[in-house]
Amino acid sequence: MRDFPAHPFDDDKLREECGVFGVIGVSDAANFLALGLHALQHRGQEAAGMVTHDPDAGFCSARRMGYVRDNFTSREVLETLPGTLGIGHVRYSTSGHKGQTAIRDVQPFFGEFSMGGAAVAHNGNLTNATALRRELIERGSIFQSSSDTECIIHLMARSMGRSIPDRMEEALRKCEGAFSIVAMTRTKLIGCRDPLGVRPLVLGKLGDGWVLSSETCALDIVGAELVREIEPGEMVVITTNGVESNFPFKSRASRFCLFEHVYFSRPDSILGGRSVYETRRQIGIELAREAPVEADLVCPVPDSGTPAAIGFSHESGIPYGMGIIRNQYMGRTFIEPSEQIRNMGVRLKLNVNRALIRGKRVILVDDSVVRGTTSRKIKEMILDAGAAEVHFRIASPPTAWPCFYGVDTPEREKLLASHMSEEEMRRHLDVDSLKFITLDGLYRAAGVAEGRDPQAPRYCDACFSGDYPVVPADMIEKGFQLKTAAE
C-alpha cells in the first residue's frame, strides 16, 4: 500500500531532487546516517540507501524503498552497517525511472577499483549523461541502473588516476550539469560541488569526526557544528587527520539554485549564510509591497507557504490566520484507495478552518503554481467553506521552464506559465486576483538588493527565466528548444 506524498498535491509540485549525507570518525556511523537522512527526508521520499566501511567487515550496504523511518531505524538493519565511516542518500527519481524507482537505481552506488572500493552518492543531474552513457557502453561498460550517477563510477573505472580522489576529479571534469557529491573510500570521505554550485553541500564538525550534508538542518539533528559550505567547484578529502581542499575545475561565477530558497530546503536550514526561513519571510514582505490587495485574512498553504504568509501579513497589516489545517498524522491510506477515496485524499490531509474563513476576503500564499491543479483544488475548498473572495499571492515568479539540474519538473507544455499570461492564469484558476512575486523581488528577498542583473545573474533561475547556465545537451538532442530572443 502506497504512502500519500509529502505534499497533498504532490503531482502539482516541483519535487525536491535528492539529499546526501556522510560521516567519518564517529562510532556507529550508520546511526548518524539514519538521523541525518531523516532530517533530509523532504529532499527525497521514494527510497534511501547507505554504505559504511569497517576494517573487519569491509564495505556494507543497504538500500530500501520508502521512508528512512520505516527502513533504517531497527537495530537489526543498523547492525549490518558497522564502521566509523559511511555515506547515505535519499532520492526522488529525477533521472532513471521517473516516479517508479527501481531498487537498482537507489544510491549510493559502489565500485571496486584496483586501489580499493568506493561508493558515490549524488544530488543533482548530469545534463550530458545520455552522451556519456552511449560512449561508455560503446567502449564496453555494462550499466546496472538507469541513473546518471552510474556514469561517474564508470568514468572513474576508466581513469588512470593513482588514487580514488584523482579518478573522481578526472571523471567529474567530463560531467556537465549540477552535482553535489558525497563519496567514500575505505579511509576517506569526499565531498564535491560542480563549478556553478547549483546544489548545496555543507561541512560540519562532530566531536573528533566530520560531516558532509546537503543542508545544515541535518547537522543540527546529529549535534554537529556548521564549519562552512563546500565552495562551488571545490573538492574536499577528509580523513581522521583533517580536511584537504582543492579546486579541480575551471573557475566560474556561481549560480546557486534560487528555488532552494523558495521551496526545496527546510526553513530551519542556512543557505549562503542566510536563514531560509528569513528569506521566505522576506519574500512575503516583497509580495505585499509589489501586489497589495484589500482583504480580511492572510492564510498560508501549508506548510511551504507559511513563512511568506507571515511576512505578507506583517507588511500589509492584514491579520494572519491558519485557514487551512494540515492533519500531521495522516500517513498511509487506511482504506483501499478507490477512485472516490483518492478524490477525498486532499481532505484527509488538509481541511479548511471554516469558522475562520466564512465570509472573509482571503489571501492565500503558496510557494508556486506549476500545473495549476493545486491552486484550483485549494480555491474550491476555500469557497466551499464560505469565503467571500479568494486572492492568490505566489512566493515565486511563474514557473515557465523545466529544470534539468536535478529537479523533477513536468514537460514545458504542462507548465501553466509556459503558455498563459498572469491574467490568463487568473481566469483559468477562477480567482479574484493572482499575483506572483517578480524575479527582481525574489532576488531582493534572497539578499541581492539591486535585484537581478540580466547580464550576470547571481542565481540559477532557469525555471523562471529560461536562462540555462549549463546547456542541457541531452534534452536538446531529444528536441527541447531553448529560449528564443523573442521570449
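These legends walk you through several close-up views of the predicted model shown above. Residues are numbered from 1 along each chain as its sequence is written, and side-chain values use heavy atoms, with hydrogens and water left out. Because this is a predicted model, local features need pLDDT of at least 70 and side-chain atom pairs count only at pLDDT 80 or more, while totals for chains, interfaces and linings use all residues.

**View 1. Glutamate 150, a buried residue with no salt bridge.** Look for glutamate 150 in helix H5, residues 149-158; helices (H or I, at least four residues) and strands (E, at least two) are DSSP runs, numbered from the N terminus. Buried means under 20% relative accessible area, exposed over 50%, and partly exposed in between (1.4 Å probe, protein chains only). The nearest side chain of opposite charge, arginine 133, is 4.8 Å away; Lys and Arg count as positive and Asp and Glu as negative, with His and the chain ends not counted. A salt bridge needs a side-chain nitrogen of Lys or Arg within 4 Å of a carboxyl oxygen of Asp or Glu. Leaving aside neighbours within four places in sequence, glutamate 150 is in contact (heavy atoms within 4.5 Å) with Phe109, Ile142, Phe143, Gln144 and Ser145.

**View 2. Helix H10 and its packing partners.** Within H10, residues 306-316, the buried residues are Pro307, Ala308, Ala309, Gly311, Phe312 and Ser313. They pack against helix H9 (276-290) and against strands E17 (297-300), E20 (361-366) and E21 (389-394).

**View 3. Cysteines without a disulfide.** Searching the whole structure turns up zero disulfides, a disulfide being a pair of cysteine sulfur atoms within 2.5 Å. For cysteine 460, the nearest cysteine sulfur belongs to cysteine 257, 6.1 Å away. Cysteine 460 counts as buried because its relative accessibility is 7%. Cysteine 60 is buried too, with a relative accessible area of 13%.

**View 4. Alanine 473 in helix H17.** This helix covers residues 473-477. Is alanine 473 buried or partly exposed? With a relative accessible area of 33%, alanine 473 is partly exposed. Beyond neighbours within four places in sequence, alanine 473 is in contact with Thr127 and Glu176. Phenylalanine 404 is 69 residues from alanine 473 in sequence, yet their C-alpha atoms are 9.9 Å apart in space.
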